[in-house]
Each structure stands twice: as C-alpha cells, then as structure tokens.
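Please read them alongside the sequence and the structure.

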Amino acid sequence: EDALYYAANASLAMGEQAQARDEFQQFLRLRPQSNLAPSARRRLADSLYALGNYDAASDLYTKIREQSKGTPVAGEALLGLGWISFSRKDWPQAAQRFEGAAKELRGAPQAEAWLRAGDAAFNAGAYATAQQSYRQAAQVAGNPLTKSDAHMGAGWAAYRQRDFNQAYGEWGNALAVAPED
C-alpha cells in the first residue's frame, strides 16, 4: 500500500494530476491512519488545485490545517491556500496567506512563500509590503536563483515607489548573486 503512495507521488511529479488524485484517494481509503496520510492529503489537495478544482482543494487544505496544527504540513497547506487566492487574483488574501505560510515554514518552502507574498503584494499595489516580503525571501533563500528573484522583486517594488537608488541597488544585488540569470 505504501507503493501506491509512491506511485501517486510519481504521477504528480510527471504532471499526471488526475491519476495522482485517484491514487492518493485510493491510498487514503486503504490507509487513512498511515504515517504517510497527512502528506497524501496535502498532495491530494495539490492535485485538485492543479486540476483547477479550487473549491475542493481549498476545503481539503483547510481541513489539513485544522488536523495538522504545528506541523510542516499545516504550513504547506497554507501555502496551497495562498496559491488558490493567487490564482483567483485575490492579491491581498494571497499575500496574507503566503506571509503566514512563510512564518510557519523553514528552508526552501519558506523562501518561496516570502517570494510569493511579495508577488501578491506587488500585484495588489502594496509596494512597500512587497519590498519587505522580497527582502525576507532574499534573507532566507539558499538557492541563488530564488535570492536573485527576490532582489529583482525588491528592486521593482522600490522602483514603483520612485526610490530609484534602492531599485538599482537591489538589481545590482540580483546580478551579483546570479550573474547568468
């Protein structure tokens, strides 16, 4: 039965969203108490999101947050809720959810959450907030491309605030981190 979980992950990784959804659902029917069940639920929600079934994904992410408080899975579920808000172009809610996820997550997911919080705030026209989120992303990012993207975003947010010196400085930081990008 664990093989079904790993097969569902492989389907998800290959972009076979409908197949992954079906396999995760089957796994959860067979092994609802498995130690892999929380991750399977989150990945099921991811596949529902990827299939454009935002309402079902939102319901499942919310349920996961309630059941997994204080765990990384809860932060990942909030990140998923942020993506749903982002897809619906609800920029303020997306920014709030991504920022909340960033405060709960660590490592690469935390940097990604801060970066997306910056994108959502930028899209909402909240450039100062976007700049702060991008700076947080740059601070915690281990990946040079993520760090470069964060500096670029901070530069654009500064530019929109007409702080051109800060914008040029951030863009220079982006080039220093990832000159080929």
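1. The secondary structure consists of ten helices and zero strands, where helices (H or I, at least four residues) and strands (E, at least two) are DSSP runs numbered from the N terminus. The model is predicted: local features need pLDDT of at least 70, side-chain atom pairs count only at pLDDT 80 or more, and totals for chains, interfaces and linings use all residues. Residues are numbered from 1 along each chain as its sequence is written, and side-chain values use heavy atoms, with hydrogens and water left out.

2. Along the principal axes, the C-alpha atoms of the protein fill a box of roughly 60 × 30 × 30 Å. Of the 181 residues, 45% are buried (under 20% relative accessible area; exposed is over 50%, partly exposed in between; 1.4 Å probe, protein chains only).

3. Helix H6 (residues 91-104) packs against helix H7 (residues 108-123) at an angle of about 160°, their axes being 8 Å apart. Axes are lines fitted to C-alpha atoms, for helices over the stretch in contact, and angles run from 0 to 180 degrees between N-to-C directions. H6 and H7 are therefore roughly antiparallel (over 145 degrees).

4. For helix H8 (residues 127-140) and H9, the axes come within 8 Å and cross at roughly 160°, so H8 and H9 are also roughly antiparallel to each other.

5. The structure holds ten salt bridges, each defined as a side-chain nitrogen of Lys or Arg within 4 Å of a carboxyl oxygen of Asp or Glu. In one of them, the side chains of Asp2 and Arg31 meet at 2.7 Å, N to O. Asp2 lies in helix H1 (residues 2-13) and Arg31 in the loop between helix H2 (17-30) and helix H3 (37-50), so this pair ties together parts that are 29 residues apart in sequence. Asp2 is partly exposed, at 31% relative accessibility, and Arg31 is partly exposed at 24%.

6. A salt bridge also joins Glu76 and Arg42 (2.9 Å, N to O). This pair links distant parts of the chain, with Glu76 in helix H5 (residues 72-87) and Arg42 in helix H3, 34 residues apart. Arg42 is buried, with a relative accessible area of 12%, whereas Glu76 is partly exposed at 25%. Arg42, Asp46 and Glu76 are linked in a network of salt bridges.

7. Within helix H7, Glu112 and Arg116 lie four residues apart, about one turn of the helix. Their salt bridge has its closest N and O atoms 2.7 Å apart.

How values were computed
Angles under 35 degrees count as roughly parallel, over 145 as roughly antiparallel, 65 to 115 as roughly perpendicular and the rest as oblique.
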